[in-house]
Amino acid sequence: MKILGVDTTGESMSVAITDEDVLGYEVFTNIGKKHSQTLMLAIDQMLGITGISLEQLDAFAVSTGPGSFTGIRIGTAAVSALAYAQQKPVYAVNALDALLENVTGSATVCAVMDARRGEVYTKAEHNGELIIHESALPLEELLQELMPYERVVFVGDAAAKYEDVILRKKPDSTILHQQFLLQRASSVCMCAWKGKAQKTTHDALKPHYLRMSQAERLKRNEGK
């Protein structure tokens, strides 16, 4: 099954094509440019180099969040349009699941994405079993919950941002190497292929924000 995957949930941007569990091609950028400027160019480049047409794809996969509200909207809108044009199914992938997929051979893995205001979006597994459900919570609270687990591997942009805090609280922990630290479209594809995603259609594809945007919070407060 050939899958085109997209991740625009953070500052980095990534697109990939996989065939079953084999990565065919991946574009990854972390250059500070807006995803609206780079996403479709990256997809066109990838298709041109691989010689794979959109018609040859079996499905699309996109990271629907949590993460950057704007980035999520750009990624889901682009994939929705592509899936509509090709009448192909879409796999909605949780960004935290895709980050966990970056890590192999570790007993305890914790995905952490910067949620701002001292909080992180997080999810953690131990030997493949879920130990911390998807949530947005203060980093200090997360680290307290992870205290019973040794040698935790952290993956995600918040792992780099809060590396000093993490290693001070849990000095036996590891921050994943920069090459695999951030969201990768190849992992989005792998989640889809492994069944760690929700199969849906272009018109049912929805962003997954996990919490309200600042505009929504202000609107709710105004209504009180």
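The structure is a predicted model, in which local features need pLDDT of at least 70 and side-chain atom pairs count only at pLDDT 80 or more, while totals for chains, interfaces and linings use all residues. Residues are numbered from 1 along each chain as its sequence is written, and side-chain values use heavy atoms, with hydrogens and water left out.

## The sheet and its helices

Helices (H or I, at least four residues) and strands (E, at least two) are DSSP runs, numbered from the N terminus. Two strands are paired if DSSP finds at least two bridges between them. Six strands form an open sheet in the order S3-S2-S1-S4-S5-S11, and their pairing is mixed. The edges are taken by strand S3 (22–29) and strand S11 (198–200); each has a single partner strand, so one side of each is left without a neighbour in the sheet. On average, neighbouring strands of this sheet are turned by 20° against each other, direction ignored. Axes here are lines fitted to C-alpha atoms, for helices over the stretch in contact, and angles run from 0 to 180 degrees between N-to-C directions.

Helix H1 (residues 35–50) touches strand S1 (2–7), strand S2 (13–19) and S3, and its direction makes about 25° with that of S2. Helix H2 (residues 69–86) touches S1, S4 and S5, and its direction makes about 160° with that of S4.

Strand S4 (residues 59–65) is joined by five bridges to strand S5 (residues 90–94), and the two run parallel. Within this pairing, Phe60 stands opposite Val90 in S5, and Gly65 has Asn94 in S5 as its bridge partner. S1 and S4 are also parallel, joined by four bridges; Ile3 has Ala59 in S4 as its bridge partner. Burial is judged by relative accessible area: buried means under 20%, exposed over 50%, and partly exposed in between (1.4 Å probe, protein chains only). Seven of the seven residues of S4 are buried, so this strand is largely enclosed by the rest of the structure.

## Individual residues

Gly65 is joined to Pro66 by a cis peptide bond, with omega about 5°. Pro66 is found in the loop between S4 and H2.

Ser173 lies in the loop between helix H6 (163–169) and strand S10 (174–175). This serine is buried, with a relative accessible area of 8%. Apart from neighbours within four places in sequence, Ser173 is in contact with Val152, Phe154, Ile166 and Leu167.

## Pocket and cavity

Both kinds of space are found on a 1 Å grid over the protein atoms alone: a cavity is a set of points where a 1.4 Å probe fits but cannot get out, a pocket is an open set with protein on both sides within 12 Å along at least five of seven lines, and lining residues have an atom within 4 Å of a point. Grid points are joined across faces, edges and corners, and a volume is the space filled by probe spheres set on the points.

The second largest pocket holds about 200 Å³ of space. Its lining has 15 residues, of which Leu100, Glu101, Val103, Glu125 and Lys196 lie nearest the centre. Helix H3 (95–101) and strand S7 (119–126) are the elements that give two or more residues to this lining, and H3 gives the most, with three residues. By residue class, the lining of the second largest pocket has four nonpolar, six polar and five charged residues. In this division Ala, Val, Leu, Ile, Met, Phe, Trp, Tyr, Cys and Pro count as nonpolar, Asp, Glu, Lys and Arg as charged, and the others, Gly among them, as polar.

One cavity of 30 Å³ or more is found in a search of the whole structure. The largest cavity has a volume of about 30 Å³. Among the residues that line the largest cavity are Glu11, Ser12, Met13, Thr29, Asn30 and His35. The lining of the largest cavity comprises two nonpolar, six polar and two charged residues.

Key. Contact means heavy atoms within 4.5 Å.
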